[in-house]
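Student: I should like to learn how to read a structural model, one feature at a time. Where should we begin?

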Amino acid sequence: HSERVAEYTEKIALRMGFAKDKVELLKESAVLHDIGKLGIEKNILNKKDKLTDEEWEILRQHPAMGVNILKPVLLTEEMSEIIRGHHERYDGEGYPDKLSGENINLLAKIVSVADAYDAMTSPRAYRQALSKEKAIEELKKNRGNQFDARIVDIFIQVLQEGS
């Protein structure tokens, strides 16, 4: 999952014209974006039924846990913002900090779109994978509220061109 997210983020960043060092930082961050899930119990991560409110609260801690896990070894401030912010939402309804719009690190917003797409197109314990077309529909439906619309539009172009 993380390798695919890194590939998608690279394609988006290149399309957006990012410098090589930013693209590399983004790819490294994307590979590590879910490392905080190491601190989440397997029965929550692999649960087939709907998560309880308490379980959701535990799961929502994984971005902050990831930052704490990585801080002693290699985390730059920007990498920290990317990993911590990959579940923030453009409308401010995300987690862990309820950031919105331009207050969310741009690279974190890219990881968010790539991560969501890969999650939708991959089978999960609780549902089958969506088709590429259905996942694109979901991205379009959530552009401007969950996701930065500009990033969604760029990613859809990348997916449709197959580049």
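**Reading the helices and loops**

Student: Which residue takes a positive phi just after α1?

Tutor: Just after α1, G17 takes a positive phi of about 85°. Helices here are DSSP runs of H or I with at least four residues, strands are runs of E with at least two, and both are numbered from the N terminus. Please note that this is a predicted model, in which local features need pLDDT of at least 70, side-chain atom pairs count only at pLDDT 80 or more, and totals for chains, interfaces and linings use all residues. Residues are numbered from 1 along each chain as its sequence is written, and side-chain values use heavy atoms, with hydrogens and water left out.

Student: How many helices and strands are there in the protein chain?

Tutor: The protein chain has nine helices and zero strands. Its radius of gyration, taken over C-alpha atoms, is 15 Å, close to the 15 Å that the globule rule (2.2 Å times the number of residues to the power 0.38) gives for 163 residues, so the chain is as compact as a globular protein of that length. Along the principal axes, its C-alpha atoms fill a box of roughly 40 × 35 × 25 Å.

Student: What percentage of the residues in the protein chain is buried?

Tutor: Buried means under 20% relative accessible area, exposed means over 50%, and partly exposed lies in between, using a 1.4 Å probe and protein chains only. Buried residues make up 43% of the 163 residues.

Student: How far apart are the end C-alpha atoms of helix α1?

Tutor: The expected span of a helix is 1.5 Å times one less than its number of residues. For the 14 residues of α1 (residues 2-15), that gives 20 Å, and the end C-alpha atoms are 20 Å apart, which agrees. In α2, 13 residues should span 18 Å, and the end C-alpha atoms are 19 Å apart, which also agrees.

Student: Which residues of α1 are buried, and why do they line one face of the helix?

Tutor: An α-helix has 3.6 residues a turn, so residues three or four places apart point the same way. In α1, the buried residues are S2, V5, A6, Y8, T9, I12 and A13. Seen down the axis, they fall within an arc of 165° (the arc of the directions from the helix axis to the C-beta atoms), so they line one face of α1. On the other side of α1, E3 and L14 are exposed.

Student: What do the buried residues of α1 pack against?

Tutor: They pack against α2 (20-32), α7 (106-120) and α9 (149-161), where contact means heavy atoms within 4.5 Å. In α2, the buried residues are V23, L25, L26, S29, A30 and L32, and their cover includes α1, α5 (62-70), α6 and α7.

Student: Which residues are buried in helix α8?

Tutor: In α8 (residues 132-141), A135, I136 and L139 are buried. They cover an arc of only 100° around the axis, which puts them on the same side of α8. The face turned away from that side carries the exposed residues E133 and K141, while the cover of the buried residues includes α7 and α9.

Student: Is D118 buried or exposed?

Tutor: D118, found in helix α7, counts as buried at 1% relative accessibility. A polar contact is a pair of N or O atoms within 3.5 Å; within protein, one must be able to donate a hydrogen and the other to accept it, and residues adjacent in sequence count only if both atoms are side-chain atoms. The side chains of D118 and H1 are joined by such a contact, of 2.5 Å. Not counting residues up to four places away in sequence, D118 touches H1, R4, V5 and Y8.

Student: Which residues does a cis peptide bond join?

Tutor: Most residues other than glycine have a negative phi, and most peptide bonds are trans. Here, a cis peptide bond joins Y95 and P96, with omega about 10°. Y95 is found in the loop between α6 (77-85) and α7, and counts as buried at 15% relative accessibility. Y95 and R60 are 35 residues apart in sequence and 6.5 Å apart in space, C-alpha to C-alpha.

Student: What is the phi of K98?

Tutor: K98 has a positive phi of about 55° although it is not a glycine. K98 is found in the loop between α6 and α7 and is exposed, with a relative accessible area of 52%.
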